[in-house]
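Open the model in your viewer and get ready to select residues. We will go stop by stop.

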Amino acid sequence: MPSRAALEVFVQAGVPRERLTLAPDPIDAAAIASAVERERAGNPPRSEFVLGVLGAVQPSKGVLELAERVLACASSNLALEIHGPRESYHGDRRYVDALEELARRSPPIRLMGPFRHAELARILARLDALAVPSRWNEVFGLAAREALAAGLTVLASNTGGLSELAGTPGVVLLEPEDSAAWIAALREIVRTKAGVHLPLTNSWRPQR
């Protein structure tokens, strides 16, 4: 299992604990760091602070709520880039439609669309921080670990496998429904430029 949280779900479902093992970190942090460093070398300087989200837009991921919090910051140089597909949620497009309407009215909210894995380093290299505002218990939180390997500050919901990042340098864990805490954290990282940039290959290992 990639996280203690995921392991406990299987135990509660009746799988004997002795048959389950926590797996080592499934990402190649050194490779990500190297690729991101090469991409950053070619990026021009900029004044704005770019926060990113990676992954599908759906209600359980909390992207719409994050976008509303970014706008509530009222920061003139904070932008949110949302990288990932925007598809219906079991046939219901209301969540995606609401995000798209918000982006049409709000230039700081940028819908970048789906991306291929080969583009990951380029995307991470253009970000100053990553948000993982999930509203459900993430099994692992792959994007958060990839961002840490790239030296990015990570704002993440204190849920599921993401909770196991507690104490990791560069990670701020927040309760998913606490809008005030998210807004305060966003304002702080922009004010201090806290996302630019941590040491590459920030290590993480599952708690055993």
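Select Arg-4 and Glu-8. The two form a salt bridge, and their closest N and O atoms are 3.9 Å apart. This is a predicted model. Arg-4 counts as partly exposed, at 28% relative accessibility. Glu-8 is partly exposed too, with a relative accessible area of 23%.

Next, select Arg-126 and Glu-81. Their side chains meet in a salt bridge, 2.4 Å from N to O. Where does each partner sit? Arg-126 is in the loop between α5 and β4, and Glu-81 is in strand β2 (residues 78-83), so the pair ties together parts that are 45 residues apart in sequence. Is Glu-81 buried or exposed? Glu-81 has 0% relative accessibility, and because buried means under 20%, Glu-81 counts as buried. Arg-126 is partly exposed, with a relative accessible area of 29%.

Move to Glu-119 and Arg-116. A salt bridge joins their side chains, at 4.0 Å from N to O. Arg-116 counts as exposed, at 55% relative accessibility.

Now select four residues together: Arg-86, Arg-93, Asp-97 and Glu-100. Salt bridges link them in a network. In total, the model has 17 salt bridges.

Time for the empty space. Rolling a probe the size of a water molecule over the atoms shows where empty space is left. The largest pocket holds about 300 Å³ of space. It is lined by 19 residues, and the closest to its centre are Leu-54, Gly-55, Lys-61, Leu-142 and Ala-143. Colour the elements β1 (49-54), β4 (129-132) and α6 (142-149): these give two or more residues to the lining. Which element gives the most to the lining? That is α6, with four residues. Colour the lining by class, and you will find 12 nonpolar, four polar and three charged residues.

Stay with α6. How many of its eight residues are buried? Seven are, so to speak, under cover: α6 is mostly covered. Ala-143, Ala-144, Arg-145, Glu-146, Ala-147, Leu-148 and Ala-149 are the buried ones. Show their surroundings. The cover includes α2 (29-41), β1, α5 (120-125), β4, β5 (153-157) and β6 (171-174).

Last stop: select Gly-151. This residue follows α6, and its phi is positive, near 80°.

Definitions and conventions. Residues numbered from 1 in each chain as written. Predicted model: local features only at pLDDT ≥ 70, side-chain atom pairs only at ≥ 80, totals over all residues. Heavy atoms only, no water. 1 Å grid on protein atoms, 1.4 Å probe; cavity = no way out; pocket = protein on both sides within 12 Å on 5 of 7 lines; lining within 4 Å. Points joined across faces, edges and corners; volume = space filled by probe spheres on them. Nonpolar A, V, L, I, M, F, W, Y, C, P; charged D, E, K, R; others polar. Buried < 20%, exposed > 50% of the residue type's maximum accessible area, 1.4 Å probe, protein only. Contact = heavy atoms within 4.5 Å.
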